[in-house]
Amino acid sequence: MFAVSGTLTHQNKPMSGAVITFHPTNGKLTAQGTANADGKYSLTTYLANDGASAGDYAVTVYWPEEKAKPTDDPDPPLPPDRLKEAYANVKTTKLKATVREQPNTIDFPLP
């Protein structure tokens, strides 16, 4: 595993709470992270912040609305994506990344 961290921004502003997932193009395990208040994320595959395997990835980003509506549903639906699912589907995302066999910093400045 190799450390992967970076910053998620949208229109030059941090994407607090955005979930970023690296989906391997070669069938290895996915890695995921959540952006903090500054938009910074670190990927986890097995253990917190352990990174990802070296290789090429399709990258998805889901940025939920800040406040979910209260519900009595024990399994409520996910809040709407602020990016209108532009990067949420692994089959249609245009975001790509390569994890190298070293510590990696990969930023995603989204329009």
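Tutor: In this predicted model, four strands form an open sheet in the order E4-E3-E6-E7, and their pairing is antiparallel. The edges are held by strand E4 (31-34) and strand E7 (96-99); each has a single partner strand, so one side of each is left without a neighbour in the sheet. On average, and with direction ignored, neighbouring strands of this sheet are turned by 30° against each other.

Within the sheet, strand E3 (residues 19-24) and strand E6 (residues 55-62) run antiparallel and are joined by six bridges. Strands of a sheet pair through backbone hydrogen bonds.

Leaving aside residues up to four places away in sequence, Ile-20 touches Leu-8, Ala-31, Gln-32, Gly-33, Tyr-41, Leu-43, Val-59, Thr-60, Val-61 and Phe-108. A further residue, Ala-88, is 68 residues from Ile-20 in sequence, yet their C-alpha atoms are 9.0 Å apart in space.

Several of these names return in the largest nonpolar core, which has 23 residues; Leu-8, Ile-20, Phe-22, Tyr-41, Val-61 and Phe-108 have the most contacts inside it. Two or more residues of this core come from each of strand E1 (4-10), E3, E6, E7 and strand E9 (108-110). E6 gives the largest share, three residues. In soluble globular proteins, nonpolar side chains tend to be buried together.

Conventions
Residues numbered from 1 in each chain as written. Predicted model: local features only at pLDDT ≥ 70, side-chain atom pairs only at ≥ 80, totals over all residues. Heavy atoms only, no water. Pairing = 2+ DSSP bridges. Axes fitted to C-alpha atoms, helices over the stretch in contact; angles between N-to-C directions. Core = buried A, V, L, I, M, F, W, Y, C linked by side-chain atoms within 4.5 Å. Buried < 20%, exposed > 50% of the residue type's maximum accessible area, 1.4 Å probe, protein only. Contact = heavy atoms within 4.5 Å.
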